[in-house]
Amino acid sequence: MSELLKQTPSQTVGPYFAYGLTAEQYRYPFTQIASGKVADDTVPGTHIRIVGRIFDGEGKPVPDAMVEIWQADGEGRYAHPADSSEGARGSNTGFKGFGRQGTGVDPENRFHFETVKPGSVGEGEAPHITVIVFMRGLLTHAYTRIYFADEAERNAADPVLQSVPEERRATLLAEPDPDTHGLYRFDIHMQGEKETVFFNV
Amino acid sequence: MNNSKVMPMTDQATTRDWQSHPPYLYPEYRSTPLRAPTRPLIPIRHRLSETTGPVYGHEAVGPLDADLTKNARRNGEPLGERIVVTGRLLDEEGRPLRNTLVEVWQANAAGRYVHLVDQHDAPLDPNFLGAGRCVTDEEGRYRFYTIKPGAYPWGNHPNAWRPLHIHFSLLGPTIASRLVTQMYFPGDPLLDFDPIYQGTPENARERLISRFELGVTEPDFALGYVFDIVLRGRGETPFENRS
């Protein structure tokens, strides 16, 4: 095999991404390709909301981050050609599986995703969502995952979650809100005792 | 872990090359110390969740999106030096990434961002937003018309100025190939003093600098700059065993 080309280095998204990447959310006069609404009402499955904040090393919420999520639909199918499961692609046009939100619009710097709870992608895998975090001060984006605290049995068998030191697994769990049906809370801590697990994807 | 189960898996995509990408912590860039993850990243074996990713093509792009000199006009042309920015989007094997979305954003010619948080004392341009997107062609080539961005001051250290740059956002073929980067201009004296550029491994920095090309320059119209982008490879086969 010939020598590989070298990867183009990452650079920070910076503080001023909003009118380019999340223009409608921030009310700039431009469109955006993805939003916090990952699944509209027509998508089959269990509709959920995931809300959270990102905290820096001083415990302050980050007001200028961008969060992206990537997930399978309620039956565990990705809207991508590499997913060869029956009806994976094009059969669920209301569901792209991709969401993007800035944290600078919500008064408490929360991100909000409206989606469906993903199904299990493969045998042994617990439902999960890939999360990418971008912000000023991150020269390279950070990957993490959302698992669901109310899936204890499947979580216990998930190969990725089980590869994480036990005392840190809770940082990857979205917790169902006891008062609001379908609402999950998932905060991301960049540093500190509760530092979220980030993956070398 | 129960290894007797058959785990669905695909070929690994190529890995993130940490000799090419900046570290999380680079104290000279003063936003990093409170935001950089401090614990080692946990390795992850690529399964379907890593070898798939969002697919966006022509349907995501409006007719003027790739021409930043036209896509925000109100009462005239934007001010500044008109340029063409083009290049190829490739994977590490040198294969063109076709029909792939490229998103860009930048400051105006005076070094002012439209973003409300930017309070730099330089004029906004009523005819320039500074955001665009396009889709690569069969050779993986993208092409934008825009205005050459200006330098602007920032608070990182006394008399800190960002070099001229255009932000790029690429989704690529999988979620693992995701890249956000910045394109710089050749010969910019500010590069030597910029902690974002300097935070990049020394042997990789120059890949961030576009090159001027007369062949891309359009006579009597616009200077041409070329910026090729290499994303992580795809992994070879989409087939897998699913139960």
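This is a predicted model: local features need pLDDT of at least 70, side-chain atom pairs count only at pLDDT 80 or more; totals for chains, interfaces and linings use all residues.
Start with chain B. Its secondary structure comes to two helices and twelve strands. Read from the N terminus, the elements run β-α-β-β-β-β-β-β-β-β-α-β-β-β. The C-alpha trace of chain B spans about 65 × 40 × 30 Å along its principal axes. The chain has 243 residues, and 56% of them are buried.

Take one buried residue as an example. F128(B) sits in the loop between β3 (101-106) and β4 (131-135) of chain B. Its relative accessibility is 5%, so F128(B) counts as buried; the cut-off for that label is under 20%. Now look for L68(B). It is 60 residues away from F128(B) along the chain, yet the two C-alpha atoms are separated by 7.1 Å.

Next come the salt bridges. The count over all chains is 29. One of them joins the side chains of R35(B) and D64(A), with 3.0 Å from N to O. This pair crosses between chains. R35(B) lies in the segment before β1 (42-43) of chain B, while D64(A) lies in the loop between β1 (47-55) and β2 (65-70) of chain A. How accessible are the two partners? R35(B) has 6% relative accessibility, so it counts as buried. D64(A) counts as buried as well, because its value is 11%.

Another salt bridge stays within chain A. D177(A) pairs with R185(A), and their closest N and O atoms are 2.8 Å apart. D177(A) is buried, because its relative accessible area is 13%. R185(A) has 40%, so it is partly exposed.

The side chains of D228(B) and R211(B) meet in a salt bridge at 3.9 Å, N to O. D228(B) is partly exposed because its relative accessibility is 31%. R211(B), at 41%, is therefore partly exposed too.

Salt bridges can also join into a network. Here E68(A), R100(A), E103(B) and R178(B) are linked in this way.

The largest share, three residues, comes from β6(B). By class, the lining has ten nonpolar, ten polar and six charged residues.

The structure holds four cavities of 30 Å³ or more. What volume does the largest cavity have? It holds about 80 Å³ of space. The cavity is lined by 13 residues, and H21(B), S177(B), R178(B), L179(B) and R232(B) are the closest to its centre. R178(B) also belongs to the salt-bridge network described above. The lining of the largest cavity has four nonpolar, six polar and three charged residues.

Finish at the surface. F212(B), L214(B) and L223(B) make a nonpolar surface patch of about 290 Å². L214(B) is in the loop between β10 (211-212) and β11 (223-226) of chain B. Why is L214(B) called exposed? Its relative accessibility is 66%, so it counts as exposed; the cut-off is over 50%.

Key: Residues are numbered from 1 along each chain as its sequence is written. Chains are lettered from A and ligands numbered from 1 in the order in which they are written. Side-chain values use heavy atoms; hydrogens and water are left out. Patches are made of residues with over 30% relative accessible area and no salt bridge: like charges are joined within 9 Å, nonpolar side chains (Val, Leu, Ile, Met, Phe, Trp, Tyr) within 5 Å. Accessible areas come from the Shrake-Rupley method with a 1.4 Å probe; for residues, only the protein chains shown count as cover. A salt bridge is a side-chain nitrogen of Lys or Arg within 4 Å of a carboxyl oxygen of Asp or Glu. Helices (H or I, at least four residues) and strands (E, at least two) are DSSP runs, numbered from the N terminus. Buried means under 20% relative accessible area, exposed over 50%, partly exposed in between (1.4 Å probe, protein chains only). Ala, Val, Leu, Ile, Met, Phe, Trp, Tyr, Cys and Pro count as nonpolar, Asp, Glu, Lys and Arg as charged, and the others, Gly among them, as polar. On a 1 Å grid over the protein atoms alone, a cavity is a set of points where a 1.4 Å probe fits but cannot get out, and a pocket is an open set with protein on both sides within 12 Å along at least five of seven lines; lining residues have an atom within 4 Å of a point. Grid points are joined across faces, edges and corners, and a volume is the space filled by probe spheres set on the points.
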